[in-house]
Amino acid sequence: MLSSVSSVSHLPNETYKCKHLPFIFLQARNLKCRIYNQPELKQPLSVHKEGKRKKIVERKRENCTMNSSASVSLPILLLLAALSSAQAYDFFYFVLQWPGSYCDTKQSCCYPTSGKPAADFGIHGLWPNNNDGSYPSNCDPSSGFDKSKVRGLLSSLQSNWPTLACPSNDGTNFWAHEWEKHGTCAESVFNEYSYFKTALDLKSSLNLLQSLQSAGIQPDGGYYGLKSIKDAIEQGTGYTPYIECNVDGSGNSQLYQVYLCVDSSGSQLIECPIFPRGKCNSQIEFPMF
């Protein structure tokens, strides 16, 4: 129950009491009701004075409604802000990218300032996702990327999470984009450091290139069956992958990205509840890098 209002408005020779609405919602205990009731008059007023008194009372009631609405809006806004910064998700896509396919397009690529990356799959991102295919993004604008927080990971990020965007750069913009768009939607599980560390650890536990090479699938510019590629990765990881293709400068379909799924805590691989939409040819190129 709300406490009594400390101050009560008065009209000449008349006292108006305030009754309180039992509004329990976040900070609603601070809500003050100003609904004024007409008092019982000891003596009848003239028609003129009675009309004037009713107009004053009506203005008081209108003020009460406006003040109450303004007070209610604050806790509602606070709740919406809390919900927006704590977006729910069901699992993560862990996305690995083949650099040869990124570069073998009409747009080409630029090597990072640290030099040409190794001929291996690099991390694209660790993305919160929902079972219905939707996903949260940019969940906490106040949590911008701070390079100093991942200082101890920079060497590993440059090797395993390299940028190939032009113009040539050190990767900071790429990592900032991934944290701000995707990482901030998993702040209930990760801080900035643990988000990147988890992705790096996941990559080190997998060796997609070795899994493919063990099945005779080499990044030599040759064409391989899409099913053979999926089977080789499933054999190596224990889980069914999703393969994303892009096209080279001649329009040929090529192996671009591999999606694996991780549970909502980011601790272990799981079977994907849903795959992204896309299409690859039955035979796809595995370009050199």
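Predicted model: local features only at pLDDT ≥ 70, side-chain atom pairs only at ≥ 80, totals over all residues.
Of its 289 residues, 41% are buried, and among the contacts with a separation of 6 or more, 73% are accounted for by residues 24 or more positions apart. The protein exposes about 16,100 Å², of which carbon and sulfur atoms supply 51%.

Let me turn to helix α7, which runs over residues 226-237, twelve residues in total, and reaches 17 Å from its first C-alpha to its last, close to the 16 Å expected at 1.5 Å a residue. Which residues of α7 are buried? They are L226, I229, A232, I233 and T237, and because they cover an arc of only 130° around the axis, they lie on the same side of α7. As a reminder, an α-helix has 3.6 residues a turn, so residues three or four places apart point the same way. On the other side of α7 we find K227 and Q235, which are exposed.

What covers the buried residues of α7, then? The cover includes α6 (208-214) and the strands β7 (222-225), β8 (242-247), β9 (253-263) and β11 (283-286). Just after the helix, G238 takes a positive phi of about 90°.

Two of those covering strands, β8 and β9, deserve a word of their own. They pair in the antiparallel sense over six bridges, and C245 has L255, in β9, as its bridge partner. Together β8 and β9 form a hairpin with five residues between them, and in the turn G251 has a positive phi of about 90°.

Methods. Residues numbered from 1 in each chain as written. Heavy atoms only, no water. Helix = DSSP H or I, 4+ residues; strand = E, 2+ residues; numbered from the N terminus. Expected span 1.5 Å × (residues − 1). Buried < 20%, exposed > 50% of the residue type's maximum accessible area, 1.4 Å probe, protein only. Arc of directions from axis to C-beta. Contact = heavy atoms within 4.5 Å. Pairing = 2+ DSSP bridges. Areas by Shrake-Rupley, 256 points an atom, 1.4 Å probe, with all protein chains shown as cover.
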